[in-house]
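Subject: Structure for your review

Dear colleague,

Please find below the structure that I am handing over to you.

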Amino acid sequence: MAETATATVAHDEHHGHEESFWSKYVFSTDHKIIGFQYLFTGMAMGLIGGFFSYVFRMQLAFPGSSVPFFGVVSPAAYNSLVTNHGTIMIFFVAMPVLIAALGNFLIPLMIGCDDMVFPKLNRLSYQIFLISCIVLIASFFVPQGGFGGAWTAYPPLSTKAEYNGTPFGAPLWLLAVTLEIVAFLIGGINFVTTTMNARAKGMKLYDIPIIVWMIVIASILFMASVGPLVAGAVMLFFDQTLGTTFFDPAAGGDPVLWQHLFWFFGHPEVYVVLLPAMGVVAEVMCTFARKKLFGYNMILYSSIGLGILSFFVWAHHQFISGVDPRATYLFTTTTLLISIPVAIMLFAYIATLWGGSIEFSTPMLFAMAFLGEFLVGGVTGIWLGSSGTDIYLHDTYFVLAHFHYTFVPIAVIATYAAIYYWFPKMFGRKMNEFWGKIHFWGTVIPFNGIFLPLFILGAAGQHRRIAGYTAYPDLFTENLQDLRVFATGSLIVLILFQIPFFVNLIVSLKRGEKAGRNPWKANTLEWVAPSPPPHGNFEGNFPEVYRGPYEFSVEGREEDYWPQNKPN
Ligand code: HEM
Ligand SMILES: [Cu+2]
């Protein structure tokens, strides 16, 4: 079981000498540093993606006027902003932060070893990711601008510069996304292998914290679903650059083939980012409710079931693409089925809270908000997964509101829960609670202010991805313009309330209250290590595991928590 040998060898190689800034922070193979690299790169990309949403929401509220800090938004710029906002948020924020940053920082600490089993592959993964970010950003500045064919890159629009007008932007976008995928394939191998082979002595499969399981399952899902998309990406790249016609119907190609390849990956991808977020919420909730996780095995098996089912739902994105109407029955059914494991997990989480002695700390508030907000995303998905209703709602703002009610809880709300919760471990100090709570309310309330009105606009027929909708009287729904302005105003409020977060983060790094090893009195192994953990994590004293990760409020014990490494 306890196989830390490989990691120890690699890690001894660079022990015992003063490290320069470059070897310590830039070319490091330490899993924690790589986690930070992913975290801060992801957050920086998040600022760019967030800025883009500000620009196009301003255009939607005040069509044609000059947007402060940007200028007048041309239709081409609008398309490119929307496309790259989506691309950035999914591939360059949600994935690097939730999987790569948390996976890297937490897995070795939580399973009680000194590093990933392949530290150099780990470094390579981040370096490729960084290159992919640079390629994507560069693609905004090439002649004729960045790609504007949506994050789904449907052909024929995406295949030829004559169609999309971005001869350099389109292939660079594709290259960036492909490199990002390569980075995560490499990283994923490490997460799975490390968890299976390097666990602390005594840690059985069912003693692994749920978040580690979630990252492992997510990595496997990603690896299993992305292959066809990579093949498709290469074909699309050839269509763009070499003049092949795999996806161009004008020359006998099949554009719907791309949709299949894209969504065969695209739907599992939703769970790739969802599962780590659910893991975060589980850890935070148990600690701050002082309760054992309700139904550990059930949650674990539900997420595996969810993963498997997610390979059979992809065509619910294609109900109006000319798929056989009989197939839509099948995909409606599988889509409704998949809501069962998600519901089981949500119920288990609510049961975990039930009767707990809840402390409404900042991470806990974010974790609980995740449950409520994600529920709205899940429930509205049932209408979209039913082909009958989807034919009407397809590509409206209803869809947009639906998936933001899933992605914002994942990539924003759960991510903040994670940052507030593990910040003391990462940097040895706590973040300020008062400002944390201000940040919480200032994020969650305006979030609903942005997206609730968009459900109404969508149901009224407003189509997504339209830059100058005033040009389409049928789609304009002029009487609902107030809702658009309200949504944009809410976004501005949300953005302003991120300032206390960043100030809190930076000030707490230097002046936050010192945390000690286990500030939240939690049970999992990362809290055994010093805060912040040194190189090698446990100062050579690797913990031994005696029980599962959630033994809170056990009867007959003096303390209300029982760390995994305490013999009794
Ligand atoms: C909280 C701030 C956010 C706001 C205000 C926002 C707003 C929007 C809007 C208005 C659009 C559609 C524009 C149009 O179709 O004309 C859009 C598209 C999109 N957003 Fe967001 N968004 C936010 C955060 C996120 C996050 C966190 C994610 C994912 C993790 C995300 C993923 C997407 C995707 C995938 C698209 C579709 C892009 C496309 O159509 O190609 N967004 N966003
Ligand atoms: Cu889907």
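The notes below describe what was found, beginning with the conventions.

This is a predicted model, in which local features need pLDDT of at least 70 and side-chain atom pairs count only at pLDDT 80 or more, while totals for chains, interfaces and linings use all residues. Residues are numbered from 1 along each chain as its sequence is written, chains are lettered from A and ligands numbered from 1 in the order in which they are written, and side-chain values use heavy atoms, with hydrogens and water left out.

The ligand site

Around ligand 1 there are 21 residues, of which Tyr78, His85, Trp151, His404 and Arg465 come nearest; a residue is near a molecule if one of its heavy atoms lies within 4 Å of it. This shell divides into 14 nonpolar, four polar and three charged residues. In that division Ala, Val, Leu, Ile, Met, Phe, Trp, Tyr, Cys and Pro count as nonpolar, Asp, Glu, Lys and Arg as charged, and the others, Gly among them, as polar.

Helix H3 (31-61), helix H4 (75-111) and helix H14 (397-427) each supply at least two residues of the shell, and H14 gives the largest share, with six. Helices here are DSSP runs (H or I, at least four residues), numbered from the N terminus.

A polar side-chain atom of Tyr78 is 2.4 Å from an oxygen atom of ligand 1, and for Tyr397 the corresponding distance to a ligand oxygen is 3.2 Å. An N or O atom in the side chain of Arg464 lies 3.1 Å from an oxygen atom of ligand 1.

Salt bridges

Side chains of opposite charge can pair when their charged atoms come close. The structure holds eight salt bridges, each being a side-chain nitrogen of Lys or Arg within 4 Å of a carboxyl oxygen of Asp or Glu. Three of them are described here.

Arg464, already mentioned for its contact with ligand 1, also forms a salt bridge with Asp395 (3.3 Å, N to O). This pair links distant parts of the chain, 69 residues apart: Arg464 is in the loop between helix H15 (433-459) and helix H16 (473-476), and Asp395 is in the loop between helix H13 (387-393) and H14. Arg464 is buried, at 12% relative accessible area, and Asp395 is buried at 18%. Buried means under 20% relative accessible area, exposed over 50%, and partly exposed in between (1.4 Å probe, protein chains only).

Lys32 and Asp30 form another salt bridge, at 3.3 Å from N to O. Lys32 is buried, with 5% relative accessibility, and Asp30 is buried, with 7%.

Glu433 and Lys437 are paired with their closest N and O atoms 3.4 Å apart. Both residues lie in helix H15, four residues apart, about one turn of the helix. Glu433 is partly exposed at 31% relative accessibility, and Lys437 is partly exposed at 31%.

Backbone geometry

Most residues other than glycine have a negative phi, and most peptide bonds are trans. Against that background, a cis peptide bond joins Pro155 and Pro156, with omega about 0°, and Pro156 is in the loop between helix H5 (119-138) and helix H6 (161-164). Ala150, in the loop between H5 and H6, has a positive phi of about 75° although it is not a glycine. Ala150 is buried, with a relative accessible area of 8%.

The segment after helix H18 (498-511) contains Pro532, and the peptide bond from Ser531 to Pro532 is cis, with omega near -10°. Ser553 lies in the segment after H18 and has a positive phi of about 50°. Ser553 is partly exposed, at 40% relative accessibility.

A nonpolar surface patch

Met196, Leu205, Tyr206, Tyr301, Ile304, Ile308 and Phe312 make a nonpolar surface patch of about 660 Å². Such patches are made of residues with over 30% relative accessible area and no salt bridge, nonpolar side chains (Val, Leu, Ile, Met, Phe, Trp, Tyr) being joined within 5 Å and like charges within 9 Å. Accessible areas come from the Shrake-Rupley method with a 1.4 Å probe, and for residues only the protein chains shown count as cover. Helix H10 (residues 296-309) contributes the largest share of the patch, three residues. Met196 lies in helix H7 (residues 169-197) and is partly exposed, with a relative accessible area of 34%.

With kind regards

Note on methods:
A polar contact is a pair of N or O atoms within 3.5 Å; within protein, one must be able to donate a hydrogen and the other to accept it, and residues adjacent in sequence count only if both atoms are side-chain atoms.
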